[in-house]
Amino acid sequence: METNIAGEKVFYVDYTWPELDALDRAGTVLVLPSGAVEEHGAHLTLANDSTAAAEVALRAAREIPGVIVMPCLWYTPSLDTSNYMGTISIRPTNFVNYVCDILESLYRHGFRQLVVANVHGGAKTVLDVAIREFHHRMGNAERAYNDDFFIHLHNVYAVPADYLNTLVEGRESGHACELETSVDMYLFPERVQPEKAVEEYIPWEEGFEWYIGDMHAVNRNGVHGDATKASAEKGEKVVNALVSALADILRKLVEGHTWA
Ligand SMILES: [Zn+2]
């Protein structure tokens, strides 16, 4: 059973209900890892985003007493890669309701601080909507916004992006790429088939934001980036940056950070 440096259980589901009942829940910070069941080229497994999200959350939480890690959201929206074999995509409206139900349960149980640690680009905007929808639903006649439950969306790769870009040797990175492949080579080498790694990009034009459309129609392998440039050494640097960015936020919340 995973424990933190103070010897406390790290995983939410490792607690019994009386143990959770005895916790200072309002003072606890929850982390909800969010990944995907999605194609990641021919060289990585469908699990990439979920296993990375769960592992980064665990590594950050182990160092900070007062943090508990929720089970990862594996099934998330992955519309763009839906036409590759194996991808499971949850439509945005279902996902928003699903996430709101999780948040409502936690709120009723007395938890008041949660960080979503999201690895999957396709879920970013929908998670943002889910959190906004939750606050709408929790509002009442007096107040439009329920700020009694602090929910922070932390996009794991986005925060240390400037540093991560310094590690990228290929033209760009984005999906099943140099960074994601390096992460798996470091964390779960048995999940990588490096001989199948390729350099491939989604065609899009300067000035446009991330491609939204059928990736399968414009991309053979399901890769955006140069996965051949990946290495375990690079993966260790990436993982350390992801863990320390998340840990910084968790530490601030545990120490009683407020925006006021
Ligand atoms: Zn990914």
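This is a predicted model: local features need pLDDT of at least 70, side-chain atom pairs count only at pLDDT 80 or more; totals for chains, interfaces and linings use all residues.
Figure 1. On the α3 side, the residues in contact are Pro92, Phe95, Val96, Val99, Cys100 and Leu103. They meet Val126, Leu127, Val129, Ala130, Glu133, Phe134 and Arg137 of α4. Sorted by type, the residues of this contact comprise eleven nonpolar, no polar and two charged. Helix α3 spans residues 92–108 and helix α4 spans residues 124–138. Their axes come within 9 Å of each other and cross at roughly 55°. An angle of that kind makes α3 oblique to α4. The crossing of α3 past α4 is right-handed.

**Figure 2. The four-stranded open sheet, with strand order β2-β1-β3-β4.** Pairing in this sheet is parallel. Its edge strands are β2, at residues 67–69, and β4, at residues 150–155. Each of these edge strands pairs on one side only. From one strand to the next, the twist averages 25°. Strand β1 covers residues 29–34 and is joined to β2 by three bridges, the two strands running parallel. Leu30 has Ile68 in β2 as its bridge partner.

Figure 3. Helix α2, residues 48–62, lies across β1, β2 and β3. Strand β3 is formed by residues 113–118. Relative to β1, helix α2 runs at about 160°. Helix α4 lies across β1, β3 and β4. Its direction is at about 175° to β4.

**Figure 4. Contact between helices α2 and α8.** Helix α8 consists of residues 232–254. The axes of α2 and α8 come within 9 Å, with a crossing angle of roughly 55°. The two helices are therefore oblique to each other. Their crossing is right-handed. From α2, the contact is made by Val56, Ala57, Arg59, Ala60 and Ala61. From α8, the contributing residues are Val239, Leu242, Val243, Leu246, Ala247 and Leu250. By type, the residues of the contact divide into ten nonpolar, no polar and one charged.

**Figure 5. Packing of helix α6 on helix α8.** Helix α6 is made of residues 178–187. It packs with α8 at an angle of about 100°, and the two axes are 7 Å apart. This angle makes α6 roughly perpendicular to α8. Leu179, Ser182, Val183, Met185, Tyr186 and Leu187 represent α6 in the contact. The residues from α8 are Ala232, Lys234, Gly235, Glu236, Val238 and Val239. In this contact, eight residues are nonpolar, two are polar and two are charged. Val239 of α8 takes part in this contact and also in the contact with α2.

**Figure 6. The three-stranded open sheet, with strand order β5-β7-β6.** Here the pairing is antiparallel. The edge strands are β5, residues 173–175, and β6, residues 199–200. Both of these strands pair on one side only. Strand β7 spans residues 224–226 and pairs with β5 in the antiparallel sense over two bridges. His175 stands opposite His224 in β7.

**Figure 7. The whole protein chain, for orientation.** The chain contains eight helices and seven strands. Its radius of gyration is 19 Å, close to the 18 Å that the globule rule gives for 260 residues, so the chain is as compact as a globular protein of that length. Along the principal axes, the C-alpha atoms fill a box of roughly 50 × 40 × 35 Å.

How values were computed: Residues are numbered from 1 along each chain as its sequence is written. Two strands pair if DSSP finds at least two bridges between them. Axes are lines fitted to C-alpha atoms, for helices over the stretch in contact, and angles run from 0 to 180 degrees between N-to-C directions. Angles under 35 degrees count as roughly parallel, over 145 as roughly antiparallel, 65 to 115 as roughly perpendicular and the rest as oblique. A crossing is left-handed if the near helix is turned anticlockwise from the far one by less than a right angle, and right-handed if clockwise. Two residues are in contact if their C-beta atoms, placed from the backbone, lie within 7 Å. Ala, Val, Leu, Ile, Met, Phe, Trp, Tyr, Cys and Pro count as nonpolar, Asp, Glu, Lys and Arg as charged, and the others, Gly among them, as polar. The radius of gyration is taken over C-alpha atoms; the globule rule is 2.2 Å times the number of residues to the power 0.38.
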